[in-house]
Amino acid sequence: MPNIRFRLNGVETDIDADPDTSLLAILRGRLGMTGPHFGCGAGECGACNVIVGDHAMTACDTPLWSVANKDVTTIEGLGNAQSPHPLQRAFIAEQALQCGYCVSGILMSAAALLKRNPSPTSREVKEALDRNLCRCGSQNRMVRAVLRAAEEMAAG
Ligand code: FES
Ligand code: FES
């Protein structure tokens, strides 16, 4: 099997695997990153989103070979209970989740947006989250939470 190297949450990572395997299968099955969720498996729901470089991508239909030598960030690399990312704090403050299944993907889309655009408008947030499905109907609270996190990050 070919060896593919990429940086996962800032850590150099080598994996021997079929290069056409989906990034999601490698993350969840081989690397223990269970934050990205399997939803549709077809690039349409965003539950599996991770950040590659500066952009959110659906890991279920991203082949492993395509992330060689790139930076991949999963929700595990965004923040944790001891040191939450401002987005995670804001989602809790706005009670912007119900079942939570979609949320790790949504947080990664939002984090990629704030990386590229630290002061988005409400419309820009909605556009950035447009491809993430939430069956629980929490979208409006999520938009509020992203704007709240952006304000908090701008205030330092
Ligand atoms: S599981 Fe990847 S987009 Fe739905
Ligand atoms: S919070 Fe349940 S699917 Fe989004």
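Predicted model: local features only at pLDDT ≥ 70, side-chain atom pairs only at ≥ 80, totals over all residues.
What is the handedness of the crossing of H4 and H6? The crossing of these two helices is right-handed.

**Helices H4 and H6**

Helix H4 spans residues 103-116 and helix H6 spans residues 139-155. The two pack at an angle of about 40°, and their axes are 11 Å apart. H4 and H6 are therefore oblique to each other. On the H4 side, the contact is made by Val103, Ile106, Ala110 and Leu114. On the H6 side, the contributing residues are Met142, Val146, Ala149, Ala150 and Met153. Sorted by class, this contact has nine nonpolar residues, with no polar and no charged ones.

**Helix H3 and its partners**

Helix H3 covers residues 86-93, and within H3 the residues Pro86, Leu87, Gln88, Ala90 and Phe91 are buried. These buried residues pack against helix H2 (75-78), H4 and H6. Just after H3 comes Gln95, which takes a positive phi of about 50°.

The packing of H3 against H4 has an angle of about 125°, with the axes 10 Å apart. H3 and H4 are therefore oblique to each other. H3 passes H4 in a right-handed crossing. From H3, the residues in this contact are Leu87, Gln88 and Phe91. From H4, they are Val103, Ile106, Leu107, Ala110, Ala111 and Leu114. By class, the contact of H3 with H4 divides into eight nonpolar residues, one polar and no charged.

H3 also meets H6: the axes of these helices come within 8 Å and cross at roughly 135°. H3 and H6 are therefore oblique to each other, and their crossing is right-handed. Pro86, Leu87, Arg89, Ala90, Phe91 and Ala93 of H3 take part in the contact. Their counterparts in H6 are Met142, Ala145, Val146, Arg148, Ala149, Glu152 and Met153. This contact of H3 with H6 has ten nonpolar residues, no polar residues and three charged residues.

| Helix pair | Angle | Axes |
|---|---|---|
| H4 and H6 | about 40° | 11 Å apart |
| H3 and H4 | about 125° | 10 Å apart |
| H3 and H6 | roughly 135° | within 8 Å |

**Residues in and beside the helices**

Ala145 is found in helix H6. At 0% relative accessibility, Ala145 counts as buried. Leaving aside neighbours within four places in sequence, Ala145 is in contact with Ala90, Phe91, Glu94 and Ala96. Ala145 and Leu64 stand 81 residues apart in sequence, and their C-alpha atoms are 32 Å apart in space.

Ser138 lies in the loop between helix H5 (122-128) and H6. Is Ser138 buried or exposed? With a relative accessible area of 2%, Ser138 is buried. Residues up to four places away in sequence not being counted, Ser138 touches Ala96, Leu97 and Gln98.

Ser104 has its place in helix H4. Ser104 counts as buried because its relative accessibility is 9%, and the cut-off for buried is under 20%. A polar atom of the Ser104 side chain lies 2.7 Å from the backbone oxygen of Gly35. Apart from neighbours within four places in sequence, the residues in contact with Ser104 are Gly35, Pro36, His37, Ala47 and Ile75.

**Asp14 in strand S2**

Asp14 is placed in strand S2, which comprises residues 11-16. Asp14 is partly exposed, with a relative accessible area of 38%. Which residues does Asp14 touch, not counting residues up to four places away in sequence? Asp14 touches Asn3, Ile4 and Arg5. With Arg5 there is also a polar contact of 2.9 Å, which joins the side chains of Asp14 and Arg5. Asp14 and Ala68 are 54 residues apart in sequence, while the distance between their C-alpha atoms is 9.6 Å.

How values were computed:
Residues numbered from 1 in each chain as written. Chains lettered and ligands numbered in written order. Heavy atoms only, no water. Helix = DSSP H or I, 4+ residues; strand = E, 2+ residues; numbered from the N terminus. Buried < 20%, exposed > 50% of the residue type's maximum accessible area, 1.4 Å probe, protein only. Contact = heavy atoms within 4.5 Å. Polar contact = N/O pair within 3.5 Å; in protein donor to acceptor, adjacent residues only side chain to side chain. Axes fitted to C-alpha atoms, helices over the stretch in contact; angles between N-to-C directions. Parallel < 35°, antiparallel > 145°, perpendicular 65-115°, else oblique. Left-handed = near helix turned anticlockwise from the far one by under 90°. Nonpolar A, V, L, I, M, F, W, Y, C, P; charged D, E, K, R; others polar.
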